Amino acid sequence: MLYSEYGKTGKKVSAVGFGGMRFDMTKSNDENAELVLYAAAQGINYFDSAPYYCDDQSETILGLAFKQLKSNSFFIATKCPLSEDTEQKAYDMVCRSLDKLKQPKIHFYHLWNLRKTSHFEQATAPGGLYDGLLRAQSEGLIEHICCSTHQDGPGIRNTVMSGRFEGVLMGVNLLNFMFRWDGVLACNELDLGVACMNPLAGGVIPQHSDALAFLADEGETPTDAALRFLIANPRVNITLNGFTTKEQVDQACRVANNVVPMTDASFERIKKNISTNLDEICTSCGYCKGCPAKIPIPGYMMFYNQMLLENKSEQKMIELIEAFHGYMGVADRQADAKDCIECGLCEERCTQHLPIIKRLKELARWEKEAEKIPKKLED
Ligand code: SF4
Ligand code: SF4
């Protein structure tokens, strides 16, 4: 395992971080805690969680595992949502996490999910969220204040220039890195820690390994290449992986144990091949939930990904849309793409800044066209 110092915090963190957002919730908390212990045995020492992950069990699961680990052998990261908008609410949120984690302190505490400048301004207003974190820090309940953000590169640069944070967690992967790379560079310039999440673009990279074969060097898979891109990158301290299985832990650790930095030639080849559209894929993060028209947006956007990633024609998408209606989270839908009332809520929340309304209009047109295709007779 590779380790590096996380900014100026003095903490040596593992290049592979454990993201506690994808536990298998058909298993017991004790069984999931076993996976955490397995990861720790492979050298992973950074464990990320958040309130409400995995039916609000993620912090509890990590807490069960931490009880069995030597103190000082691991680092905990968790988060406070922007909805905790007063000093007291934010402070209470820290206490809530400590209680679930059964730990005396949290090493890296994140102001969670900054997506625009006004979020930062709101959180750092006097008597607001950030003040609650300062109070928790002064009492030794948290060590380092960080943030997680889905802003673009320049937005992240502005945020970190405030001097309020010691590290930043951001969604970066081989498919979208150009969108946020300036944020990574800004953190490097200021000697702040850099943690990257979503290294496999929400599963898009492994699911489309043929179309993305250009990402890989000889003898590796696109998934390995995507992990190597971040794990072997000296500009990145931690690559967070949402682990569900031991095999996934092994895969990430294998990359970290045989680290081969990406050559300039590979990097250039990838850059050349990534069309501008690839920056615009939906990573199925789910932050656009809550559509007033009840449209299952991530499902629709993941379907749209197929066109971008696999260069499918519009006609092909029309032919496929009926089959798609049976899965990708749209099977139980209460509304179709055409029901969008263009309120803009989803676009405001979208971590990838996707033109969701425009895409839904296209999808609605495809759905209408598909109705004209004669149905096959059932056997
Ligand atoms: S813009 Fe359309 S899809 Fe987005 S939240 Fe509003 S109604 Fe839903
Ligand atoms: S549409 Fe945007 S917010 Fe919604 S799941 Fe996709 S990337 Fe995430």
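Me: Where do I start with the strands? Which sense do strand β6 (residues 106-114) and β7 pair in, and over how many bridges?

Reply: Look at which strands sit side by side, then at their direction. Strand β6 (residues 106-114) and β7 pair in the parallel sense, over six bridges. Keep in mind that this is a predicted model. For one pair of residues, take isoleucine 106, which stands opposite isoleucine 142 in β7.

Me: Which strand do three bridges join to β7?

Reply: Strand β8 (residues 167-171) is joined to β7 by three bridges, and the two run parallel. Cysteine 147 stands opposite valine 168 in β8. Serine 148 stands opposite leucine 169 in β8.

Me: Why is β7 said to be largely enclosed by the rest of the structure?

Reply: Count its buried residues. A residue is buried if 20 or more other C-beta atoms lie within 10 Å of its own. In strand β7 (residues 142-149), six of the eight residues are buried, so β7 is largely enclosed by the rest of the structure. Do the count again for β8. Five of the five residues of β8 are buried, so β8 is largely enclosed as well.

Me: Which residues point one way from β8, and which the other way?

Reply: Follow the side chains along the strand. Gly167, Leu169 and Gly171 point one way from β8. Val168 and Met170 point the other way, and all of these residues are buried.

Me: Now a helix residue. Is glutamate 34 buried, exposed or partly exposed?

Reply: Glutamate 34 is found in helix α1 (residues 29-41). Glutamate 34 is partly exposed, because 17 other C-beta atoms lie within 10 Å. The C-alpha atoms of glutamate 34 and glycine 219 are separated by 32 Å, and the two are 185 residues apart along the chain.

Me: How is the chain divided into domains?

Reply: Read the bounds, then the contacts. The chain is divided into domain 1 (3-273) and domain 2 (280-371). Their C-alpha centres lie 28 Å apart. At the contact, 10 residues of domain 1 meet eight residues of domain 2. By class, the side of domain 1 that touches domain 2 has four nonpolar, five polar and one charged residues.

Me: Which residues touch the most other members of the largest nonpolar core?

Reply: Look for the members with the most contacts inside the core. This core has 113 residues, and Val36, Val94, Val168 and Tyr300 touch the most other members. Helix α13 (residues 297-310) gives the largest share, eight residues. At least three residues come from each of domain 1 (3-273) and domain 2 (280-371). Take Tyr300 as a case: leaving out residues up to four places away in sequence, tyrosine 300 touches Ile295, Val330, Ala337, Leu360 and Leu363.

Me: What about the ligands? Which residues are closest to ligand 1?

Reply: List the shell, then its sources and its classes. Ligand 1 is surrounded by 15 residues, and the closest are Cys291, Ala293, Cys340, Cys343 and Cys346. α15 (345-349) and α16 (356-371) each supply at least two residues of this shell. α16 gives the most, with three residues. By class, the shell divides into 13 nonpolar, one polar and one charged.

Me: Which residues come nearest to ligand 2?

Reply: Of the 16 residues around ligand 2, Cys282, Cys285, Cys288, Pro298 and Cys350 come nearest. α13 gives the most to this shell, with three residues. The classes are 10 nonpolar, five polar and one charged.

How values were computed
Residues are numbered from 1 along each chain as its sequence is written. Chains are lettered from A and ligands numbered from 1 in the order in which they are written. This is a predicted model: local features need pLDDT of at least 70, side-chain atom pairs count only at pLDDT 80 or more; totals for chains, interfaces and linings use all residues. A nonpolar core is a set of buried Ala, Val, Leu, Ile, Met, Phe, Trp, Tyr and Cys residues joined through C-beta atoms within 7 Å. A residue is buried if 20 or more other C-beta atoms lie within 10 Å of its own, exposed if 12 or fewer, and partly exposed in between; C-beta atoms are placed from the backbone. Helices (H or I, at least four residues) and strands (E, at least two) are DSSP runs, numbered from the N terminus. Domain bounds come from an automatic or database domain assignment. Two residues are in contact if their C-beta atoms, placed from the backbone, lie within 7 Å. A residue is near a molecule or strand if its C-beta atom, placed from the backbone, lies within 6 Å of it. Ala, Val, Leu, Ile, Met, Phe, Trp, Tyr, Cys and Pro count as nonpolar, Asp, Glu, Lys and Arg as charged, and the others, Gly among them, as polar. Two strands pair if DSSP finds at least two bridges between them.
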